[in-house]
Each structure stands twice: as C-alpha cells, then as structure tokens.
Amino acid sequence: MASPTGTTDAPFGRMLTAMVTPFTSDGAVDYQAARRLATYLVDEQRNDGLIVSGTTGESPTTSDKEKARLLSTVLEAVGDRATVVAGAGTNDTRHSVELAREAAREGAHGLLVVTPYYNKPPQEGLYRHFSAVADATELPVMLYDIPGRSGVPIKTVTLLRLAQHDRIVAVKDAKGDLFGGSQVMTATNLAFYSGDDLLNLAWLSLGAAGFVSVIGHVVGAQLARMIQLHRNGDVEQARAIHRQVAPVVEGIMMSAGGAIMAKAALSMVGMEAGPVRLPLVPATEEQIAELRACLVAGGVKLTDH
C-alpha cells in the first residue's frame, strides 16, 4: 500500500512518533485505546506518520498476533492520512522476515527494522539480515541504528552497501554519529530520520528528512512546526522551538525513558495508555513529579491536576 504522506526525500513522512502500545489494567492490548491514541497523534499532534510496534511500543513483549491486530487497528484509524510503519526487527532473521510479510499482508506502508540485538553480529551479518528482510516484501524499509540497545552499530561502510538495495530507503539514527550520517547522506539517497530527540535540530541542520520521536506523543505539533520552519529557512524560530521543548526531552528521555515515561506523560494530558509490561515497571512517584515539572516547563498543558 502506498504511503499517503511520503515524498521522494521523506519516504515515510516527516514527523513520526514511535507510538506506545496501550494496555488494559490486566495487561492485555487495548485496541480501542490504540485507535484513540493514533487519531490523537495524527489529528492533534500533527504527526504525518506513526511507528507501530517499535521499541517504544514494547515490541519485545507483544506477540506476533497482537502486533498484527494492532497494526490493522492503527491503519484503519489513520492509514488514509498518515504513513503507518510496522516494526519488524528482531534478533532472528527468519522471525523478522515473518513479521515483515505479515505487516505487508495487513497493509503497512513501510517497515522499521532494528539492528539485531544481543547476539552482536558482525557487519556482514547485519548486511545479510537487513537484505533478507528487505527482500521479503515490496515495502520500503527504514533501518534502525541504535547501538545503545543493540550493542552493534551499523558502520558507515555497511550503510553504503545497504543503500544499494532498492527497498532500503531510510535510516532512523539513534547512534548520534553526525559526521558518519553526513557522509552517508552525501554518498547515497538514504533519507535520515532523527531517532534521538536530543539531536532533532542537529539532524535537521545536516539535511535529515524528519524525526522518529518519543516526545512527539505530547509535543508532536511543536516538532512538526520546527521541521517546517527549518525547511523554510527560519532557523532562528526552529531553534526557539528546540529550546522550548528541551525540558520535555529531559523529562521523558533522561529518566526512565521510552515507553515508561511516554505513557506517564500521556496520562498527564488526558490520553490514558495504561501500564507497561514487565520487565518494564511504572514510573516512581519521584519520577512522576520530575516529569510533571518538565512538561510544565516545556509548555505542555496538563489535564491531570
């Protein structure tokens, strides 16, 4: 299925949030809440793309069946006006291929494929892994380079090789190698997306297509504005937004991080996403207090007072 918001230089759209997976109080996937959340992220937070079943979506602890139904739910809710990208990466190539094929059957617009984690493959293993997943469907692929979680970076030389694959079209960078990314963007047509909210503005300055954000759950509209301002040449106003949302980055990404704090932040703005699944645990009272102060400092309107 064609992406409704993709362009040649931004194949998955520009402002994407790595969406949390809502759960009920007893730990089941809350598909109705997922529908509401996806609609909120697209219609109110100005996301033109969503990542479903990424790390922030707690993909390691959701089943293949849950992933398929969640993807179908989000596509039905917003798939006509936002690019819906399915997380298909695991540390087992065969399993990743299966997830990719199932995502294609469900109608995903693209795939996010993370570097295989824990088994620490060599670069040739990464090349073959990503190539196998890209070969499995006709969907465009965004590589997810995050050595802090996977233990292995995708080296520049490997990215240059992978860029020759017709369906590998983008990189979500959470490695922070701005120079290496610049080299790859210069030598290839790969679109880079900032996968680290700390570096969103820095990546834009180097030519990134957009963001795959976590703080976009609550400040997506501001980030979308930042992208537009920067693309229009108004760097000063883009920088002003960067500084405005800096406390939100601190509150969500620099404490418990990821799904834990994103779900806590959503609760504070009246968009309940339920608990997290073990081995994640809820934010502590101290973390919640710090998060609330950071959100207020970042101009986020809270509804839980």
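This is a predicted model: local features need pLDDT of at least 70, side-chain atom pairs count only at pLDDT 80 or more; totals for chains, interfaces and linings use all residues.
Does Ser 194 count as buried or exposed, and at what relative accessibility? Residues are numbered from 1 along each chain as its sequence is written, and side-chain values use heavy atoms, with hydrogens and water left out.

As for the opening question, Ser 194 counts as buried because its relative accessibility is 0% (buried means under 20% relative accessible area, exposed over 50%, partly exposed in between, with a 1.4 Å probe and protein chains only). Ser 194 sits in strand E7; helices (H or I, at least four residues) and strands (E, at least two) are DSSP runs, numbered from the N terminus. Leaving aside neighbours within four places in sequence, Ser 194 is in contact with Asp 173, Leu 199, Asn 200, Trp 203, Gly 210, Phe 211 and Val 212, where contact means heavy atoms within 4.5 Å. E7 is covered on both faces, with Ala 191 and Tyr 193 buried on one side and Phe 192 and Ser 194 buried on the other.

Strand E7 belongs to a closed barrel of 8 strands, running E1-E2-E3-E4-E5-E6-E7-E8 with parallel pairing. From one strand to the next, the twist averages 25°; axes are lines fitted to C-alpha atoms, for helices over the stretch in contact, and angles run from 0 to 180 degrees between N-to-C directions. Two strands pair if DSSP finds at least two bridges between them. E6 and E7 run parallel and are joined by 4 bridges, and Lys 172 stands opposite Tyr 193 in E7.

Now for the helices. H4 (residues 123-136) lies across E4 (110-114), E5 (141-145) and E6 (168-173), and runs at about 160° to E4. Helix H2 (residues 64-78) holds Leu 71, which counts as buried because its relative accessibility is 4%. Neighbours within four places in sequence aside, the contacts of Leu 71 are Val 52, Val 84, Ala 86, Ala 103, Glu 106 and Ala 108. Leu 71 and Glu 106 are 35 residues apart along the chain, yet their C-alpha atoms are separated by 7.1 Å.

Back towards E7, Leu 198 lies in the loop between strand E7 (191-194) and helix H8 (200-205). Leu 198 counts as partly exposed because its relative accessibility is 44%.
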